[in-house]
Amino acid sequence: MSTQRLRDEDYHDYSSTDGSPEESPSEGLGGFSSGSYQRLGENNSTTWFQTLIHMLKGNIGTGLLGLPLAVKNAGLLLGPVSLLAIGVVAVHCMAILVKCARHLCHRLNKPFLDYGDTVKYGLECSPSAWIRNHSHWGRHLVDFFLIITQLGFCCVYFVFLADNFKQVIEAANGTTTNCEDNEAVILTPTMDSRLYMLIFLPFFVLLTFVRKLRILSIFSLLANITMLISLVMIYQFIVQNIPDPSNLPLVAPWKTFPLFFGTAVFAFEGIGVVLPLENKMKDSEKFPFIMYLGMVIVTMLYISLGTLGYLQFGANIKGSITLNMPNCWLYQSVKLLYSIGIFFTYAIQFYVAAEIIIPPIVFRVPEHYKLTVDLLVRTAMVSLTCVLAILIPRLDVVISLVGSVSSSALALIIPPLLELTTYYEEGLRPLTIIKDVLISILGFLGFVVGTYESLNELIYPTHGDIFANFTSAFI
């Protein structure tokens with residue numbers, strides 16, 4: 001998701017997910033200062049169909065490809081049911097955020113509030129004087145989790161590209177044009193996946209030097225096209241010749257369920273796109289219906305791909321379903337196409353964190369050093385995501401960890417608490433209070449247990465061959 005966040009200036013609130021900026025900084029979906037607010041048929045407003053497309057783009061990303069493994073971690077029955085449940089709760093939290101933002105806009109006579117400001121002004125309604133006096137930390141908290149989420153996505157991209165390119169290159173000698181047999185191919189060892197990450201590093205650095213949203217939108221269009229083609233080809237394969245599922249467990253061991261939770265929340269965490277889209281829609285009163293329609297489509301896509309992918313590959317499913325595709329050039333091209341899309345999407349995701357971190361730093365340096373400092377900070381941030389990916393070179397664990405740590409906070413924990421503080425003066429029904437408390441507790445438990453199990457899986461992997469290739473490049 002792309003965003004621009006400048007302190008006290010125009011704000012583009014996009015988080016997680018692989019949506020894209022379609023316009024320049026002054027024209028983006030979230031680019032509204034107090035003097036440029038536009039709604040209800042004014043210039044640059046979006047139709048219901050455009051809003052729906054943006055909603056889909058804002059929620060469908062790399063987490064989708066990890067859902068078959070997530071279903072494995074929950075079980076063939078429990079996985080789809082839990083995906084549906086998390087989807088319902090996530091959509092409800094989106095609705096809460098929109099409702100609270102509208103309520104605060106009306107109360108404060110403001111044209112638009114982004115996620116951070118909604119939390120900030122919501123805390124000002126708290127019955128606690130201490131919370132009211134420290135309400136500005138609400139925005140800082142949202143910024144913090146957005147940074148973790150977006151840089152976490154960037155780490156996932158490094159691992160994804162390294163794994164897929166490594167597999168394509170190692171299987172190149174045995175790759176054929178025959179996609180029917182799907183015979184096992186003897187891989188030709190090349191080098192450690194972490195070295196692939198280092199090879200990609202300078203290209204990612206150069207990509208993030210592009211700072212204009214209008215130029216980034218071109219990359220986003222390429223990413224959307226390549227990823228859509230790849231997704232169609234993946235579906236085309238997994239619906240054919242599905243094996244007998246009788247040997248697959250309906251409910252997996254509970255120890256792996258937190259890994260499922262992290263991956264599922266990672267996939268559903270598109271809550272940052274709802275306020276900019278609601279604000280930009282021509283007929284904003286219809287936005288709730290569009291939001292629900294879009295999320296129904298997203299949830300059906302997630303459940304179908306996760307379930308069909310697990311049914312097709314069973315216990316052998318990997319961190320990304322692309323790694324299970326046959327070793328023929330047709331499906332190898334799927335890996336390459338999706339990888340190209342992920343490469344260009346990196347700049348979009350990076351833009352979110354960059355526009356939170358870089359402006360305050362650049363503001364403090366002399367004018368003639370601003371560009372140099374800007375580029376140096378970008379280089380350092382990209383290098384940080386590469387180093388983190390090298391330290392955690394497991395795609396499934398990285399996705400689950402990012403989902404548990406930050407996505408659960410943005411999508412599940414904060415919105416219900418926001419509703420409790422925002423409507424404190426008006427009063428809430430006991431059932432609403434109980435519902436909000438339960439959702440926040442669910443999110444917090446997922447945050448704690450999911451993070452613990454992800455770190456535990458990283459330190460003590462359940463499969464002994466996980467790190468088999470880690471030192472191969474140095475032997």
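In the predicted model, helix α12 is bent by about 40° at Ala354. This helix comprises residues 329-363, a run of 35 residues. From its first C-alpha to its last, α12 reaches 50 Å, which is close to the 51 Å expected at 1.5 Å a residue.

Helix α12 packs against helix α6. Two packed helices are described by the angle between their axes and by the distance between those axes. For α6 and α12, the angle is about 160° and the axes lie 9 Å apart. Angles over 145 degrees count as roughly antiparallel, and α6 and α12 are therefore roughly antiparallel to each other. Their crossing is left-handed. When the residues of this contact are sorted by class, 21 are nonpolar, seven are polar and two are charged.

Helix α6, which spans residues 136-170, also packs with helix α4, formed by residues 115-123. Here the axes are 7 Å apart and the angle between the helices is about 150°. The crossing in which α4 passes α6 is right-handed. On the α4 side, the contact involves Tyr115, Gly116, Asp117, Val119, Lys120 and Leu123. These residues meet His136, Gly138, Arg139 and Val142 of α6. By class, the residues of the contact between α4 and α6 comprise four nonpolar, three polar and three charged.

Terms used:
Residues are numbered from 1 along each chain as its sequence is written. This is a predicted model: local features need pLDDT of at least 70, side-chain atom pairs count only at pLDDT 80 or more; totals for chains, interfaces and linings use all residues. Side-chain values use heavy atoms; hydrogens and water are left out. Axes are lines fitted to C-alpha atoms, for helices over the stretch in contact, and angles run from 0 to 180 degrees between N-to-C directions. Helices (H or I, at least four residues) and strands (E, at least two) are DSSP runs, numbered from the N terminus. A crossing is left-handed if the near helix is turned anticlockwise from the far one by less than a right angle, and right-handed if clockwise. Contact means heavy atoms within 4.5 Å. Ala, Val, Leu, Ile, Met, Phe, Trp, Tyr, Cys and Pro count as nonpolar, Asp, Glu, Lys and Arg as charged, and the others, Gly among them, as polar. The expected span of a helix is 1.5 Å times one less than its number of residues. The bend at a residue is the angle between axes fitted to the seven residues ending there and the seven starting there. Angles under 35 degrees count as roughly parallel, over 145 as roughly antiparallel, 65 to 115 as roughly perpendicular and the rest as oblique.
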